[in-house]
Structure formats: structure tokens, C-alpha cells
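Here is a short briefing on one protein model. Look over the sequence and the structure first, then read the points below.

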Amino acid sequence: MLSIYLIPEWNSAMLQEFPTANSFITTLWVTIPVLVFSFNHSPAISSFTCSQYREYKEFDRTERHIGRTEKGTSTILLFFVMFFVFSCVLTLTPEELLAAKEQNISILSFLANKFDNPYISYFGPLVAFLAITSSFFGHYMGAREGLEGLYLKMKGESVNRKKLNYATALFFLVTLWGVAIINPSILGLIESLGGPIIAMILFIMPMYAIRKVPAMKRYQGRFSNVFVTIMGLIAISAVVYGLL
């Protein structure tokens, strides 16, 4: 809705910028880790898979249903996210986008500050809050599940799950509070840390597991494996290039 509402504010300032071919390719290359992070929803996959398996009971039926659901949700996510991105880019000038990056604020907050419009002033921060909240819980659930799983494997004995839940929640509270106080560059964190780690987990490790884990050999020989491996290596190489 907000993307459509911004259409009357579109301008051609961004279309008047003509980067060189080398600059365009380099920018696109170093942007890939950010794209990987932006579309990532892997932390919720584990809980979703377990929930679907409890419902369908059979592995093949569960896999087919999850595949259809993922294709549909990924398509919808791609369409709405890219439409929102293009709408925001066409609404702002290159100088304003640079100012938003330097201020380390979301594009919705910047739009709310720019337009003297009560709709955007109230609706923009609300959408940003809801997006951040949903993203937080999606990543928090997966990260908490992974941390508890690592602890249980290292401990090797029965533990009080209630105390473990409180301990992991406290750990994330203190950690995230500290990050909020430090207020680092969000794009910088994604480019240098979040993007490559997610690329390694989502792209490289599954392809390695398909080659080495007997239970996953059924997925060998697919063209998508080559594509995923190449994109993972490109995402990681972009980070290495950015650090040079």
C-alpha cells in the first residue's frame, strides 16, 4: 500500500545517473551479500518443517507441501520487496539515499521526515516497526533454537529446559541491547558479517552436505546445485573484495 501511495512522488533523478559499466558491475557484485540477507528467512524454516511433518506424518508429502509453500511465498516476497525498493528509489534522489545511509536510519523513517504528510509520518514508522518486529522474531526463534541445540549437544546430559530458555533469552537481550547502544552501520554489518555467514550456511554447506551425507544424495545431479554454489561463492567473494 505504501509503495503504491509513493507513486505520485516518483521522479527521474535516479534515472539520470549513468554509472560506467565497471562501476555498475562492481556495485552489483558487492550488493549481493545484502540481497542474500534481505531475502533470507531460513531461521523460520526449521520450525516450519517440524510443524508440517507433525501434520503430514510422511516425508515425501511433507517435502512436496513445503516445496509448494516455499515457491509461493518466495515469489510473493520477491515481488513485494522489489516493488517497494523501486518505489522508494524512484521517490528519493541519490543525495537523499546517501543521507539516509549516513544517518543509519531506515528508508521509511527518512520518508516520514521528508514528507510533510500525516499519512506517511504515521504509517511509515508503523510499517518499519512491524517489519523490524516480524524480522526479529523470525531470526530470534531460529537463533535461539540453534544456540540451545549446540548447548545440549555439548552438555551431553539432561538439563532444565525452563532455565535454558531463560538463559538464552537473557543472552540475546543483553547482546542486542549492547548492539543497539553501539549503533553500528546496519549495511556495514550485513556486508561484512551477516551476508557471508548466511551465504556460507545457505549456499555452500547444503551443497557440501549433498555430496557427503548419504541421506541427501537424492538431491545430487541437479542444475540448481551449480547455481546455488556459484551464487554462494560470488556472495563470499564480494565480501573479500570489500575488505581489500
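What is the volume of the second largest pocket? It is about 1,900 Å³. The model is predicted, and every value here is computed from it.

- The lining of the second largest pocket counts 38 residues.
- Ile45, Glu70, Leu202, Pro206 and Val228 lie nearest its centre.
- Two or more lining residues come from each of α2 (21–38), α3, α4, α9 (186–212) and α10 (223–243).
- Helix α4 gives the largest share, 12 residues.
- By type, the lining holds 24 nonpolar, 10 polar and four charged residues.

**Helix α4**
- Helix α4 covers residues 59–91.
- Its 33 residues should span 48 Å at 1.5 Å a residue.
- Which residues of α4 are buried? They are Thr62, Ile66, Ser87, Cys88, Leu90 and Thr91.
- These buried residues pack against α1 (2–5), α3, α5 (94–103) and α6 (107–114).

- In soluble globular proteins, nonpolar side chains tend to be buried together.
- The largest nonpolar core has eight residues: Leu6, Cys88, Leu92, Ala100, Phe110, Leu111, Phe115 and Ile120.
- A second, separate core has six residues, among them Ile198, Ala199, Phe203 and Ala235.
- Cys88 of α4 is buried and belongs to the largest core.
- Leu111 touches Leu6, Cys88, Thr91, Leu92 and Ile120, leaving out residues up to four places away in sequence.

**Lys57**
- Lys57 sits in the loop between α3 (43–56) and α4 (59–91).
- Its phi is near 70°, a positive value in a residue other than glycine.
- Most residues other than glycine have a negative phi.
- Is Lys57 buried or exposed? Lys57 has a relative accessible area of 60%, so it counts as exposed, the cut-off being over 50%.

**Glu148**
- Glu148 is part of helix α7 (residues 118–155).
- Its relative accessibility is 8%. Buried means under 20%, so Glu148 counts as buried.
- What does Glu148 touch, not counting residues up to four places away in sequence? Its contacts are Arg161, Leu164, Asn165 and Thr168.

Key
Residues numbered from 1 in each chain as written. Predicted model: local features only at pLDDT ≥ 70, side-chain atom pairs only at ≥ 80, totals over all residues. Heavy atoms only, no water. Helix = DSSP H or I, 4+ residues; strand = E, 2+ residues; numbered from the N terminus. Buried < 20%, exposed > 50% of the residue type's maximum accessible area, 1.4 Å probe, protein only. Expected span 1.5 Å × (residues − 1). Contact = heavy atoms within 4.5 Å. Core = buried A, V, L, I, M, F, W, Y, C linked by side-chain atoms within 4.5 Å. 1 Å grid on protein atoms, 1.4 Å probe; cavity = no way out; pocket = protein on both sides within 12 Å on 5 of 7 lines; lining within 4 Å. Points joined across faces, edges and corners; volume = space filled by probe spheres on them. Nonpolar A, V, L, I, M, F, W, Y, C, P; charged D, E, K, R; others polar.
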